Amino acid sequence: MNYTEALKLALQSLWGNKLRTVLTLLGVMMAVASLIMVITLVQGARVFISTKLSGYGADVFTVTRMSSVIIGPDDYFRFHKRKVIGIEDYKAIHDQCAQCSEVGAMVDKSTNVVYNGHSSNNSDMRGVTSTMLSLINIDVALGRGFTQADDDHATHAAIVGADIVDNLISPGDPIGKEIRVDGVPYIIVGVGERQGKTLGASQDNWVAVPISTYQQIYGYNDSVDIYARSQAGALSMQAAEDEARVIMRTRRHVAPGVEDDFELETNDTFLDLAGQFLGLFAWVVLGLASISLVVGGIVIMNIMLVSVTERTREIGVRKALGAKQRDVLLQFLIESGTMALIGGAFGILMGVVVGKLITIVVGFPTSVPIWAVFLGLFVATATGIFFGVYPASKAAKLDPVVALRAEL
């Protein structure tokens, strides 16, 4: 028997038992759909994180009181006991870090913004230095940015995100309009370029004011985040980090041999942490998908055993007409493999569709690499063949005389 004939017989058998075939495929479909969804979401998240972080530049690092990623309560309380990083620390790095071409500082809080009786909820109120927007890769799309004079004189100028304009001010030109944040009036002098959404959360719901103005209103107790760009780009990154670390350790009187009581982080830090988290997430979900795959394989094996029992007489006739053991073995292996392959194809389609729905509803990015499609088909087919070996072997070893005596 050639492969084409075996495949034709397998498809005829599956088509003749449609309901059984569909129910058998469900396990494989769910497993492959889970596999595709995991790969799609993880790949999309990696591309998204890399794109967002690369926007800050490979030559930018931050000095903060607390780590950007806090794993448990012990870390939180340990970080919380540290001294705050103040505006004087920013000025020290700004003045003394020869390897830093640009230094900025930012402090923020969540609040409401009011304009003409309308209010926005959970807006990010940021106090920033004049260099800060370029360090976090936000361009001013309309109006002007901050100048050193704004900071020196603590002006009530404000740059707002696109959501503030869309939800409170539009239609009309926002420049020169007065908004109130916690009852304090500010004049809009600029509008930031639209940033879009991250995991469904808008990145444009913010108001930035000079950091000196922010601290006059909210006090000096909040810790400042310091951003710095190395002088010669990524090539002098380590030298700039080391210089900033020495400045901070000296100011905070950290003894030699004692670990830093502040965090110095780069894009690589975030990428490594994101990679570890995404890898752990992928392994957990893939483990669950593997269980579904095993269950689907067992279902295929049971159905194939039932099929062998039902078709015992057919097997006897084929053997009596000259079919060899390998012909019968091939027929049932192709049948189980084809069944799993079809389930895998539907599973891939389901995984891609669900991934795209997540993108539309939540805003989470998805990316379907072509190798994931082939991997899903291969895993499904391999599962079908592996769990089809025993039923196929049982069919191939049937004695034709005994098989012909079987009841119809």
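Helices (H or I, at least four residues) and strands (E, at least two) are taken here as DSSP runs, numbered from the N terminus. The model is a predicted one, in which local features need pLDDT of at least 70 and side-chain atom pairs count only at pLDDT 80 or more, whereas totals for chains, interfaces and linings use all residues. Residues are numbered from 1 along each chain as its sequence is written, and side-chain values use heavy atoms, with hydrogens and water left out.

On a 1 Å grid over the protein atoms alone, a cavity is a set of points where a 1.4 Å probe fits but cannot get out, while a pocket is an open set with protein on both sides within 12 Å along at least five of seven lines; lining residues have an atom within 4 Å of a point. Grid points are joined across faces, edges and corners, and a volume is the space filled by probe spheres set on the points. Over the whole structure, the search returns one cavity of 30 Å³ or more. The largest cavity holds about 70 Å³, and its lining consists of Ser13, Leu14, Asn17, Arg20, Thr21, Ile303, Met304, Ser307, Glu335 and Met339. Two or more of these lining residues come from each of helix H1 (3-16), helix H2 (18-56), helix H10 (267-310) and helix H12 (325-362). The greatest share is that of H10, with three residues. For classes, Ala, Val, Leu, Ile, Met, Phe, Trp, Tyr, Cys and Pro count as nonpolar, Asp, Glu, Lys and Arg as charged, and the others, Gly among them, as polar. On this basis the cavity lining has four nonpolar, four polar and two charged residues.

Next comes the open space. The second largest pocket has a volume of about 230 Å³. Its lining numbers 13 residues, and Ile87, Tyr90, Lys91, Asp151 and Ile211 lie nearest the centre. Helix H4 (87-96), helix H6 (148-152) and helix H8 (211-218) each contribute at least two lining residues, and H4 gives the most, with five. Four nonpolar, five polar and four charged residues make up this lining.

Residues are called buried under 20% relative accessible area, exposed over 50% and partly exposed in between (1.4 Å probe, protein chains only). Helix H7 (residues 162-169) is mostly covered, with six of its eight residues buried; these are Ala162, Asp163, Ile164, Val165, Leu168 and Ile169. In the loop between H7 and strand E6 (178-181) sits Pro171, joined to Ser170 by a cis peptide bond with omega of about -5 degrees.

Two further loops hold backbone features worth a look. Asn116, in the loop between strand E2 (100-115) and strand E3 (118-128), has a positive phi near 50 degrees and is exposed at 65% relative accessibility. Asp182 lies in the loop between E6 and strand E7 (184-192); its phi is positive too, at about 55 degrees, and the residue is partly exposed, with a relative accessible area of 43%.

Finally, Leu280, Val284, Leu288, Ile291, Val295 and Val299 make a nonpolar surface patch of about 540 Å². Leu280 belongs to helix H10 and is exposed, with a relative accessible area of 57%. Patches are made of residues with over 30% relative accessible area and no salt bridge, with like charges joined within 9 Å and nonpolar side chains (Val, Leu, Ile, Met, Phe, Trp, Tyr) within 5 Å. A salt bridge is a side-chain nitrogen of Lys or Arg within 4 Å of a carboxyl oxygen of Asp or Glu. Accessible areas come from the Shrake-Rupley method with a 1.4 Å probe, and for residues only the protein chains shown count as cover.
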